[in-house]
Amino acid sequence: MIDTGRHGFIPLFLLIPNVPDAVLAQLLSVFLWATLVLYGGASLWWLIQVFILSYGWQDTNQTEVGLDNIQVRVLTIAAEETVQRTVSSIPDEITDPLVIAEEDIDIAGADVHVVPDDFECAAQRKGRAIEWARQQIPCEKEYVLYLDEDTLLSGFSGLPAADIIQLSEHPLRTHSRLTYVCEIFRIGFQFEQRAFHQVAYPAYAWGGAVAVRHELEEQITWNVPSITEDTTFIWRAAARTNIDYRLATVKARNQAPPTLKSLIKQRRRWVSGTIQDRNLLPRRYQPVIFTRIVTWALSPVIPLFGIIAFVFPEAIPSSSVYLLLSALLFGIVFLYMIFGLVEYRKYPEVWWAYIVVTPLAVLVHSLGALWGIMQPVDDFEVTQKTAAIDTGTIEERNPELTEDESEYDTKAETEPDEN
């Protein structure tokens with residue numbers, strides 16, 4: 001039998017040779033408390049953003065920039081049916097929507113521009129296509145609104161007059177129910193975007209529906225290597241000028257990843273891109289980004305550490321305080337889910353079902369983040385979108401949609417089975 005000593009330490013760690021038990025216990029204590037402090041700092045900053053800094057974020061006139069002053073560019077590889085739905089959702093007042101594609105496709109109501117194979121620049125993937133369009137396609141409008149191939153606009157009537165305007169993301173359920181739940185959880189966390197106009201460097205952007213003042217785009221360009229070109233653009237713009245950022249109230253409805261595998265890979269790419277481009281941030285912002293990444297990856301282990309403090313109280317100084325704090329901090333992930341449910345207008349009587357699976361959603365997010373930390377990528381697979389959704393299916397699977405928000409041209413084949 002292994003002697004655990006007066007610290008009641010975990011036997012697995014006592015098997016490490018030539019290290020005194022007391023030293024191991026101290027190392028464990030330092031690690032657990034340091035992790036809790038990091039997680040607590042990130043959680044506190046989120047609470048400050050959501051409940052203090054976000055105050056008054058809707059004060060800006062959301063239609064100050066009219067539709068006649070916006071050029072829409074839809075980015076795709078060659079997803080014809082998916083793009084057609086997106087183009088059909090664009091208001092008729094925008095008479096000249098453009099599609100930027102890697103292959104020639106036929107889209108009713110939009111001009112299609114194909115990125116030449118021989119076009120070379122520092123940007124990659126989606127950023128390369130955006131940079132080609134910036135260089136080659138004239139824009140006489142004040143703003144360029146970039147949409148992903150699966151972004152459906154509803155109730156879009158204009159933009160606030162800012163340098164960069166982020167449309168509110170609202171993923172729709174398509175295939176996997178669990179990835180949809182994960183997206184609701186993420187959208188709840190993204191309530192912090194309401195405070196981004198108060199900081200010099202917004203923490204991230206969603207390129208699926210972002211509008212940029214054309215003059216600023218010409219100044220900053222997209223011509224840099226990055227797998228998170230949307231966030232990188234904002235960081236580079238903030239470094240060169242005092243940008244005015246706004247979050248628009250209009251919802252841009254995109255597709256949740258079709259499988260857990262694709263969702264985890266997507267999260268891995270986000271974390272990898274953030275790590276690679278973090279040098280664009282001033283030193284005072286880098287600890288914030290670092291803390292967010294680490295706590296994102298370690299979210300599931302916070303309750304595990306609390307269990308360790310409960311089972312082995314002598315191994316951790318002030319173990320009762322640690323246990324209480326770890327429980328409170330992990331409880332914040334349920335607050336993220338509740339915020340997401342409010343954003344999605346889910347009926348309160350069904351909240352319990354989403355709250356029960358919140359730990360699983362946290363785990364899925366963390367797997368992608370941890371993978372990105374341990375094995376960053378400098379390239380990525382495009383998340384496949386589905387064209388196999390008709391209007392009835394969208395309404396059935398996304399009951400929060402109103403009739404006027406779901407009148408898209410969505411004729412397609414039968415939807416595949418769920419995961």
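Because the model is predicted, local features need pLDDT of at least 70 and side-chain atom pairs count only at pLDDT 80 or more, while totals for chains, interfaces and linings use all residues. Residues are numbered from 1 along each chain as its sequence is written, and side-chain values use heavy atoms, with hydrogens and water left out.

The protein has 14 helices and 8 strands, taken as DSSP runs (helices H or I, at least four residues; strands E, at least two) numbered from the N terminus. Of its 419 residues, 55% are buried; here buried means under 20% relative accessible area, exposed over 50%, and partly exposed in between (1.4 Å probe, protein chains only). Among contacts (heavy atoms within 4.5 Å) with a separation of 6 or more, 77% are between residues 24 or more positions apart.

Turning to charge pairs, a search of the whole structure finds 15 salt bridges, each a side-chain nitrogen of Lys or Arg within 4 Å of a carboxyl oxygen of Asp or Glu. One of them joins Glu169 and Arg186 at 2.7 Å, N to O. Glu169 lies in strand E6 (residues 164–169) and Arg186 in helix H5 (residues 177–189), so this pair ties together parts 17 residues apart in sequence. Both Glu169 and Arg186 are buried. Another salt bridge pairs Glu183 with Arg267, whose closest N and O atoms are 2.5 Å apart. With Glu183 in helix H5 and Arg267 in helix H8 (residues 260–277), the pair ties together parts that are 84 residues apart in sequence. Glu183 and Arg267 are both buried as well.

On the surface, Leu304, Ile307, Phe310, Val311 and Leu323 form a nonpolar patch with about 480 Å² of accessible area together. Patches are made of residues with over 30% relative accessible area and no salt bridge, like charges being joined within 9 Å and nonpolar side chains (Val, Leu, Ile, Met, Phe, Trp, Tyr) within 5 Å. Helix H10 (residues 301–311) gives the most to the nonpolar patch, with 4 residues. Leu304 is located in helix H10 and counts as partly exposed, at 45% relative accessibility.

Technical notes
Accessible areas come from the Shrake-Rupley method with a 1.4 Å probe; for residues, only the protein chains shown count as cover.
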